[in-house]
Amino acid sequence: MRTSALASAPALASAPALVAARSRAHGPTTALWHAVEVHRPTAEVDGACELTVCGSLARIDVDQPWPTPTRDVCPACAVLTR
Ligand SMILES: [Zn+2]
């Protein structure tokens, strides 16, 4: 009997997907859009607070594409995901 392990293995993307996440405004810092690398289906991380590419915490919004066309984008994340 021969079973195929590959057939039942979940399909893994070689590169992590990037989604946009909104940080909170605190003090003089305005809320910005950050990039988050997700290794799970985006439906599972919608609304989750995750570590962004630049190292801060932001809430994932899967309705917002990354790179985002808005102007209030975290400059560090923009550079790191270029
Ligand atoms: Zn950032």
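Val-45 counts as partly exposed, because it has 19 C-beta neighbours inside 10 Å. On the terms used here, a residue is buried if 20 or more other C-beta atoms lie within 10 Å of its own, exposed if 12 or fewer, and partly exposed in between, with C-beta atoms placed from the backbone.

Before I go on, this is a predicted model: local features need pLDDT of at least 70, side-chain atom pairs count only at pLDDT 80 or more, and totals for chains, interfaces and linings use all residues. Residues are numbered from 1 along each chain as its sequence is written.

Back to Val-45. This residue is found in helix α2, residues 42–45. Helices (H or I, at least four residues) and strands (E, at least two) are DSSP runs, numbered from the N terminus. Leaving aside neighbours within four places in sequence, Val-45 is in contact with Val-38, Arg-40, Glu-50 and Ile-60. Contact is set by C-beta atoms, placed from the backbone, that lie within 7 Å. For Val-45 and Ile-60, 15 residues apart along the chain, the C-alpha atoms are separated by 6.8 Å.

Now the layout. The chain has three helices and four strands, and from the N terminus on the elements run α-β-β-α-β-β-α. Of the 82 residues in the chain, 22% are buried. Among contacts with a separation of 6 or more, 48% come from residues 24 or more positions apart.

The four strands form an open sheet in the order β2-β1-β4-β3, with antiparallel pairing. The edge strands are β2 and β3 (49–51), each of which pairs on one side only. On average, neighbouring strands of this sheet are turned by 55° against each other, direction ignored. Those angles use axes that are lines fitted to C-alpha atoms, for helices over the stretch in contact, and run from 0 to 180 degrees between N-to-C directions. Pairing here requires that DSSP finds at least two bridges between two strands.

Taking the pairs in turn, β1 (residues 17–22) and β2 run antiparallel and are joined by six bridges. In that pair, Arg-22 stands opposite Trp-33 in β2. Strand β3 is joined by three bridges to β4 (residues 57–60), again antiparallel, and Leu-51 stands opposite Leu-57 in β4.

Strand β2 (residues 33–38) is largely enclosed by the rest of the structure, because five of its six residues are buried. Beyond four places in sequence, Ala-35 is in contact with Leu-18, Ala-20, Thr-52, Val-53, Trp-66, Cys-77 and Thr-81.

Last, the loop between β4 and α3 (75–80), where Pro-67 is found. The peptide bond from Trp-66 to Pro-67 is cis, with omega near 0°. For background, most peptide bonds are trans. Val-62 is in the loop between β4 and α3 too, and counts as partly exposed because it has 18 C-beta neighbours inside 10 Å. Not counting residues up to four places away in sequence, Val-62 touches Val-19, Thr-42 and Asp-46. From Val-62 to Gly-47, 15 residues apart in sequence, the C-alpha to C-alpha distance is 7.9 Å.

Technical notes
Two residues are in contact if their C-beta atoms, placed from the backbone, lie within 7 Å.
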